[in-house]
Amino acid sequence: MSAVIIGILLPLLGTMLGSAFVFFMRKEIPDRLQKTLLGFASGVMVAASIWSLLIPSMTMAHENVLPAAGGFMLGIGFLLLIDEVTPHLHNGAAKAEGPRSCLSRTAMLALAVTIHNLPEGMAVGVVFAGEAQGLTLSAALAVSIGIAIQNIPEGAIISMPMHAEGNSRLRSFLIGSLSGVVEPVGSVAILLLASVLGVALPWLLAFAAGAMMYVVVEDLIPETAQGRHTNLSTIGFAIGFVLMMAMDVLLG
């Protein structure tokens with residue numbers, strides 16, 4: 001049980017560590033570094049979706065592709081729905097109309113990050129739920145560690161611009177850290193759901209994979225492809241992908 005608790009909290013700790021960069025860095029993250037970190041985050045999430053979620057989903061379903069395909073599409077649809085109904089910043093522009101536009105830029109940015117972190121928390125919860133159906137504890141911890149590593153640069157990317165826009169260092173750190181709270185909440189929710197619907201675990205694994213891939217395709221990749229230094233994003237993606245793949249295979 002202690003290992004599960006640690007695994008659930010690790011992604012949040014990664015976000016908090018990254019958000020704490022605001023206390024030690026004076027300026028915004030350089031564009032080169034930001035592109036590299038965004039690419040790295042994309043690589044980690046894609047590799048985790050494949051090796052830690054989709055492949056185990058098909059294995060548990062005895063090579064039946066339906067749960068993997070159906071769950072994946074449901075995960076995409078779920079994030080698409082949240083993306084459409086929630087006002088937030090998206091690719092540098094505010095997706096808000098009418099009364100939603102009264103929200104501050106900081107509030108919409110926080111909502112965007114919450115949307116981003118939700119599928120990551122779901123992924124952690126579902127791999128720990130899968131421990132009872134064949135997934136090893138080390139494989140589940142690999143996912144948690146990989147997402148925590150990915151959350152370090154993500155936390156910095158949140159808190160640093162907020163401080164540059166006039167927020168205090170403490171406020172920027174707190175908002176950046178709070179954006180990661182949704183991850184343990186999502187993990188616990190999935191664990192509780194899986195305990196009731198154990199037979200649906202292959203669907204839940206694929207659902208988490210679809211939700212994570214939506215974030216990568218809709219938010220991260222477009223951001224890395226804008227402006228200069230896009231080649232650094234590609235390098236970061238490759239490093240993140242290989243690192244997460246190796247962790248999953250070696251620890252699994």
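Reader: How are α1 and α6 oriented to each other, roughly parallel or roughly antiparallel?

Author: Angles under 35 degrees count as roughly parallel, over 145 as roughly antiparallel, 65 to 115 as roughly perpendicular, and the rest as oblique. Axes are lines fitted to C-alpha atoms, for helices over the stretch in contact, with angles from 0 to 180 degrees between N-to-C directions. In this predicted model, the axes of α1 (residues 2-19) and α6 (residues 169-178) cross at roughly 160° and come within 8 Å. The two helices are therefore roughly antiparallel.

Reader: Which residues in α1 and α6 meet?

Author: Contact means heavy atoms within 4.5 Å. Leu12, Thr15, Met16 and Ser19 in α1 meet Phe173, Gly176 and Ser177 in α6. By class, these are 3 nonpolar, 4 polar and no charged; Ala, Val, Leu, Ile, Met, Phe, Trp, Tyr, Cys and Pro count as nonpolar, Asp, Glu, Lys and Arg as charged, and the others, Gly among them, as polar.

Reader: How many helices and strands does the chain have?

Author: Helices (H or I, at least four residues) and strands (E, at least two) are DSSP runs, numbered from the N terminus. The chain has 9 helices and 2 strands, in the order α-α-α-β-β-α-α-α-α-α-α.

Reader: What is the average pLDDT of the chain?

Author: pLDDT is the predictor's confidence in each residue, from 0 to 100. The chain averages 82, and 85% of the residues score at least 70. Over residues 91-102 the pLDDT is below 50. Where pLDDT is low, the predicted coordinates should not be read in detail.

Author: Residues are numbered from 1 along each chain as its sequence is written. Local features need pLDDT of at least 70, side-chain atom pairs count only at pLDDT 80 or more, totals for chains, interfaces and linings use all residues, and side-chain values use heavy atoms, leaving out hydrogens and water.
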